[in-house]
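Let's take a walk through this one, from the inside out. Have the viewer open and follow along.

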Amino acid sequence: MAQIRIENVRKEFGTFTAVESSSFTIEDGEFFMLLGPSGCGKTTTLRMMAGLELPTSGEIYIDGEEVGMKRASERDIAFVFQMFALYPHMNVGKNMSYPLISQGMSKADARKRVLEVAKILGIEGMLNRPVGGLSGGDRQRVALGRAIVREPKAFFMDEPLGALDAEFREHMAEELRALHDRMGATTVYVTHDQLEAMQMGDKIVVMNHGVVEQFGKPQEIYDWPATKFVAAFIGSPAMNFLDFEGSIDNDGNQITLDGNQVEVPTSRDGARGKLALGVRPEHIHFSDKSNYRGKVVASEYLGTNQIITLDTPNGILKARVPSSHTVAAGQNIGLEFDARTLTVFGENGHALRSFANEGVLNNG
Amino acid sequence: MAEVVLNKVTKTFSDTVALDDVSLTIPEGSFVVLLGPTGAGKTTTLRMVSGLDEPDSGEVLIDGKSMKGFAPAQRNVAMVFQQYSLYPHLTVRQNLAFPLKSPLLRTSEADIEEKIKSVSEVLQIAHKLDNKATALSGGEMQRVSIGRALVRSPNIYLMDEPLSSLDAKLRADLRIELKSIQVNFGQTLLYVTHDQIEAMTMATHIGVLDKGKLVQFGPPREIYENPVSIYAASRLGQPRINILPADLFEGSQPKAAHTIGLRPEQITQGTGEDSVVKRVEHLGDQTRLHLQFKQHDIITVTDAHTELQSGDTLKIKPDAPFYFDVDGGRIT
């Protein structure tokens, strides 16, 4: 159990800056996601917390104690890598008891502890089996078990489900989260999969090019992205950006798209120039009344709903609508946006503050 | 472009039956996606059409002509595999041009240049044409290998999980591009995947394979809304369909019903019997609810900004559910 605090942590490899000065706090018992594309610095950040890399500058606190110069083995962290890092010549029980025996625990105590953990994971019936013959899921459970037996302060996981196929990954994600809910141990989890992050995380840090772009609760980040990068990275399909040349007043609640007035949440920041209106696919509605129109390029069936790709005067737009709507390619459709949900982005790619998003943006 | 027919094709590898009496018609100009988990027979079906493997019994017909004894090259099919295979000593441009330089095709230099230009733009690799194939990232290499198939005009494109190694954004872009090859250019595709989003969004027809048998074949909407079995119903839908004992809910059910199948939209919220909310997952555009109902786990979806929290009680009721018999076959 531990709170982990990152303060102005920075990492350089030669002339390359892997992580720019970053700060965030992981509360005790949280399931915390480090999310971003490959090369964004998420794994480097995790490795610094674990003590596998030394930060170039900044501090890392675990339970209030500065650990930046402490060795990995002294931080009491359990690391779970991409699957299947098991000792092939040992059976399941031995794989799990190994970390305990090597710490000097008696065989009897280790056996008792392993049995307890095996029960949590539902693998108590296979302790005497060789790991070679196990299914992917069971191997993953054993790897987890080996981390859990040590009762570490925190679990660090680096894309632990990355090698699994989609159906099974979803199942393991649910199982991992349920396990966390039972044990309540602080867990830091690295992934590039935004859905996995949304699904499992209590909080998410979104990173890009070594910079923390945003930090907060999944739904808040989804609703009120701080930058265009976050808006595009979270959500599938991504948030749409309708590019326009124009302005919005401080305290204004309207922008002009191709000659049409569009209502937006009352702005806090005035801006002019090359702006973009950010709108999520599910906040677009088809309406004959609207003069703002788009031409249907493609439709993609997804079961209960479908994704319609439209060509508008301000760029390509993807709308999520019920599958009961029938639309044909080439059709010209009037579009309305859910005013309360919109974000305007400035020229630098940052969201302009409004009455709607300022609460979230001020958080981090 | 051509119609491709598999007629009662069976294939065994030592003691495993990979394909079991599979009959399937791929209409000219269609996009057929074969869906199923590892070992279902998807790739074997593809290899039968390509000529990389021969059936033990049954036959493959392209344009009405039996392919028995025809080598892959003689069938005029274009293949894209999950693992890209490029000529490492050639540039991207040379790799793309290679299939067109076959003496059989006699393509003019100007046509080759034109083809390469349009394909490289579609695949977002136009700026890498003069790079060596080895100086590309994995995703770029895969796009070049897709491109090498696209520059040709074969009878049929055969694709085996071509997008699985690409990142999410690129996968979404390429889904639309691959679909347009069929829609706008009238090409025929046979495509293997275990990604249900790819299957639903691109296919004109989905073939559901289960242990070497073709268990259902039809448009995505038909498979989703009218599955023939629990197995077929479980291939599509996120979150997956809930399969529960038939008599779990109040009210009557068909006599032979062993289980009831409920997709999230087949669960009415607010009326019916009490369930307990175990976990609430905010996914942005929707929220997933993990419910406990009479000792059974149920997953459904609700509004993005629901007030529900874990521990709350929620009344639920089936709405036009599926019923399945003891063997998992659909009853109603």
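What follows goes from the cores to a helix, then to the chain contact and a helix pair.

Keep in mind that this is a predicted model. Start with the largest nonpolar core, which has 97 residues. Within that core, Val188(A) and Leu277(A) touch the most other members. Pick Val188(A) and look around: leaving out residues up to four places away in sequence, Val188(A) touches Ile26(A), Phe32(A), Leu34(A), Leu46(A), Met49(A), Ala154(A) and Phe156(A). There's also a second, separate core of 81 residues, with Phe31(B), Met79(B), Val192(B) and Ile299(B) among its members.

Staying in chain B, find helix H1, residues 42-50. Seven of its nine residues are buried, so count this helix as mostly covered. The buried ones include Lys42(B), as well as Leu46(B), Met48(B) and Val49(B).

Now for where the chains meet: 23 residues of chain A are in contact with 20 residues of chain B. On the chain A side, helices H5, H6 and H7 and strand E16 each supply at least two residues. By class, that side has 10 nonpolar, seven polar and six charged residues.

Last, go to helices H2 (92-102) and H4 (136-148) of chain A, whose axes come within 7 Å and cross at roughly 30°. Angles under 35 degrees count as roughly parallel, which means H2(A) is roughly parallel to H4(A). The crossing is right-handed. H2(A) brings Val92(A), Asn95(A), Met96(A), Tyr98(A) and Pro99(A) to the contact, while H4(A) brings Val142(A), Gly145(A) and Arg146(A). By class, that's five nonpolar, two polar and one charged.

Note on methods:
Residues are numbered from 1 along each chain as its sequence is written. Chains are lettered from A and ligands numbered from 1 in the order in which they are written. This is a predicted model: local features need pLDDT of at least 70, side-chain atom pairs count only at pLDDT 80 or more; totals for chains, interfaces and linings use all residues. A nonpolar core is a set of buried Ala, Val, Leu, Ile, Met, Phe, Trp, Tyr and Cys residues joined through C-beta atoms within 7 Å. A residue is buried if 20 or more other C-beta atoms lie within 10 Å of its own, exposed if 12 or fewer, and partly exposed in between; C-beta atoms are placed from the backbone. Two residues are in contact if their C-beta atoms, placed from the backbone, lie within 7 Å. Helices (H or I, at least four residues) and strands (E, at least two) are DSSP runs, numbered from the N terminus. Ala, Val, Leu, Ile, Met, Phe, Trp, Tyr, Cys and Pro count as nonpolar, Asp, Glu, Lys and Arg as charged, and the others, Gly among them, as polar. Axes are lines fitted to C-alpha atoms, for helices over the stretch in contact, and angles run from 0 to 180 degrees between N-to-C directions. Angles under 35 degrees count as roughly parallel, over 145 as roughly antiparallel, 65 to 115 as roughly perpendicular and the rest as oblique. A crossing is left-handed if the near helix is turned anticlockwise from the far one by less than a right angle, and right-handed if clockwise.
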